[in-house]
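Biologist: Could you walk me through some of the packing in this one? I have the sequence and the model open.

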Amino acid sequence: PLAQPVPRQIEITEIPNYKPVVTYVILGLTVLVYLAQIGTLYLLKMDIPGMVGAKINEYIVAGQIWRLFTPMLLHDDRLPIHIISNMYFLVIVGSRVEKFYGHGRFLLLYILAGFAGNVTSFLFSTYASWGASTALFGLMGAEAIFVLQNRSMLADNGRKGLQNVLTVVGMNVII
C-alpha cells in the first residue's frame, strides 16, 4: 500500500488584518435586542425578547430549537453590567479574532461557540439562561489556538497574546 502523506500544520507568514465589521454588527444587534428587552419590560411589564429567546429546556424539548442560538443575543435586563462587560469583551477579543480569521470564519466561530455553550447548558442545567458568554469564550479559545499555532511568527507578541487570553479567562472566572 502507498504511504499516506502526513498533513502539515500550515503556518501563516503574515498576520491578516481584517477590519472587525462583523464584530460591530454583532455588537449593534445585541444592543438593539437589549434595548427591546428593556423597552418591553417597562412598557408591557414583561421581557418579550427574553421570553421568546432564552434557553428554557422545556421549550427546547418541545421543538423550539432556536433557543439554542438566540440566548447569545439576550442579556439580563436587571443588570446592565452583564451586557456592558460582554460587549466590552466582544470588542476587545472579537476585533482581534476577526482580524486573524476573517469575517466569515469569525461569524461561524461566534455562532458555533454560542450554540455549543447553549447545548452544554441545556444538557447540564435546568435553569433558564442567556448571554453572549458562551460565544465569547469560544472566541477566546480561537484566539489562543491562533497564537499557539503562530507563536514563532508572533515572537514576543505571541507570549503577550497568550498572557492576555489567560488574564481575561482568569478575570471572568473570578467575576
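Biologist: Which residues form one aromatic cluster?
Modeller: Phe 100, Tyr 101 and Phe 146 make up one aromatic cluster, where rings of Phe, Tyr and Trp (its six-membered ring) pair if their centres lie within 6.5 Å. Bear in mind that this is a predicted model, in which local features need pLDDT of at least 70 and side-chain atom pairs count only at pLDDT 80 or more, while totals for chains, interfaces and linings use all residues. Residues are numbered from 1 along each chain as its sequence is written, and side-chain values use heavy atoms, with hydrogens and water left out.

Biologist: How many aromatic pairs are there in the whole structure?
Modeller: A search of the whole structure gives five aromatic pairs. One of them, Tyr 101 with Phe 146, is edge-to-face, at 5.9 Å centre to centre and 65 degrees between the planes; planes under 30 degrees apart count as stacked, over 60 as edge-to-face and the rest as tilted.

Biologist: Are Tyr 101 and Phe 146 buried or exposed?
Modeller: Both Tyr 101 and Phe 146 are buried, with buried meaning under 20% relative accessible area, exposed over 50% and partly exposed in between (1.4 Å probe, protein chains only).

Biologist: Switching to helices, at what angle do H4 and H6 cross?
Modeller: The axes of H4 (residues 80-101) and H6 (residues 133-149) cross at roughly 40 degrees and come within 9 Å, the axes being lines fitted to C-alpha atoms, for helices over the stretch in contact, with angles from 0 to 180 degrees between N-to-C directions. Helices (H or I, at least four residues) and strands (E, at least two) are DSSP runs, numbered from the N terminus.
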